[in-house]
Amino acid sequence: MLKLISASKIYDSSGVTALRRIDLHVARGDYVSVTGASGSGKSTLMHILGLLDTLSAGSYLLCGTDVSHLSPAALAARRASEIGFVFQQFQLLPGLTALENTALPLAIGGIPRSVRLARRAALLSVGLGDRMEHLPNALSGGQQQRVAIARAIITRPCVLLADEPTAGLDPVSAADVLALFDSLHECGHTIVLITHDPAAARRATRRLRLENGVLFNIQ
């Protein structure tokens, strides 16, 4: 599914080495967590896996295809169809309903209107069947994150990348969101979770840690 081979990232402007010859294999259906202190390389790793940045050295295979040297346009196309993102800040459009926010990837991708009915199913799957027509400001933080998760899975991506998805939530909402990730994993979704929270990391079936750009197995 995802495979990094001797992957390194050096930022030319600063000379900082963010990732150091990382080898990583995430198989279909895996649930992997990555922890590490600030500056350890977690964000860089997420950007590489999500095709938001490119490697300085090494290779990245996504669903069997080496994407290390694709053009920006090709990377954007692969990102839109194969990667689902969940961010800490939700990134919902305030003037759109939960239903409309969920459907954004389909609208951007030119998916026929008939297929967009899947957005209702996505919201139902995250427990928001009674909040479809609500605007983000009428939803709690946990509910907004559920909309973001529904939006991330609407295109049936190869992998779901979650970057600190519970960091801005109260403990009850955070627990609900983590339970939702558990459920998605049980349904066969492949998940990579970047988190500072050791309790959240322990929910994954594989635990990794980044230290100064080097990746270690914890479990």
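Q: Is arginine 78 buried or exposed?
A: In this predicted model, the assignment follows from relative accessible area, where under 20% is the cut-off for buried. Arginine 78 has a relative accessible area of 17%, and therefore it is classed as buried.

Q: Where is arginine 78 found, and which residues does arginine 78 touch when those up to four places away in sequence are not counted?
A: Arginine 78 belongs to helix H2, which spans residues 72-82. Beyond its sequence neighbours up to four places away, arginine 78 touches Leu51, Leu62, Cys63, Thr65, Val67, Leu70 and Ile83.

Q: Which residues is isoleucine 149 in contact with, leaving aside neighbours within four places in sequence?
A: With those neighbours set aside, the contacts of isoleucine 149 are Val86, Val126, Val177, Leu180, Phe181 and Leu184.

Q: How are the axes of H5 and H6 arranged?
A: A pair of helices is read from the approach of the axes, the angle and the handedness. The axes of H5 and H6 come within 9 Å, with a crossing angle of roughly 20°. Angles under 35 degrees count as roughly parallel, and H5 and H6 are therefore roughly parallel to each other. The crossing in which H5 passes H6 is right-handed. On H5 the contact involves Gly142, Gln145, Arg146, Ile149 and Ile153, and on H6 it involves Ser173, Asp176, Val177, Leu180, Phe181 and Leu184. Sorted by class, the contact comprises 6 nonpolar, 3 polar and 2 charged residues.

Q: Where does threonine 155 lie, and why is threonine 155 classed as it is by relative accessible area?
A: Threonine 155 sits in the loop between H5 and E7. Its relative accessible area is 24%, so threonine 155 counts as partly exposed. Not counting residues up to four places away in sequence, threonine 155 touches Ala80, Ser81, Pro105 and Leu106.

Q: How many residues apart in sequence are threonine 155 and histidine 134, and what is their separation in space?
A: Threonine 155 and histidine 134 are 21 residues apart in sequence, and their C-alpha atoms are 22 Å apart in space.

Key
Residues numbered from 1 in each chain as written. Predicted model: local features only at pLDDT ≥ 70, side-chain atom pairs only at ≥ 80, totals over all residues. Heavy atoms only, no water. Contact = heavy atoms within 4.5 Å. Helix = DSSP H or I, 4+ residues; strand = E, 2+ residues; numbered from the N terminus. Buried < 20%, exposed > 50% of the residue type's maximum accessible area, 1.4 Å probe, protein only. Axes fitted to C-alpha atoms, helices over the stretch in contact; angles between N-to-C directions. Parallel < 35°, antiparallel > 145°, perpendicular 65-115°, else oblique. Left-handed = near helix turned anticlockwise from the far one by under 90°. Nonpolar A, V, L, I, M, F, W, Y, C, P; charged D, E, K, R; others polar.
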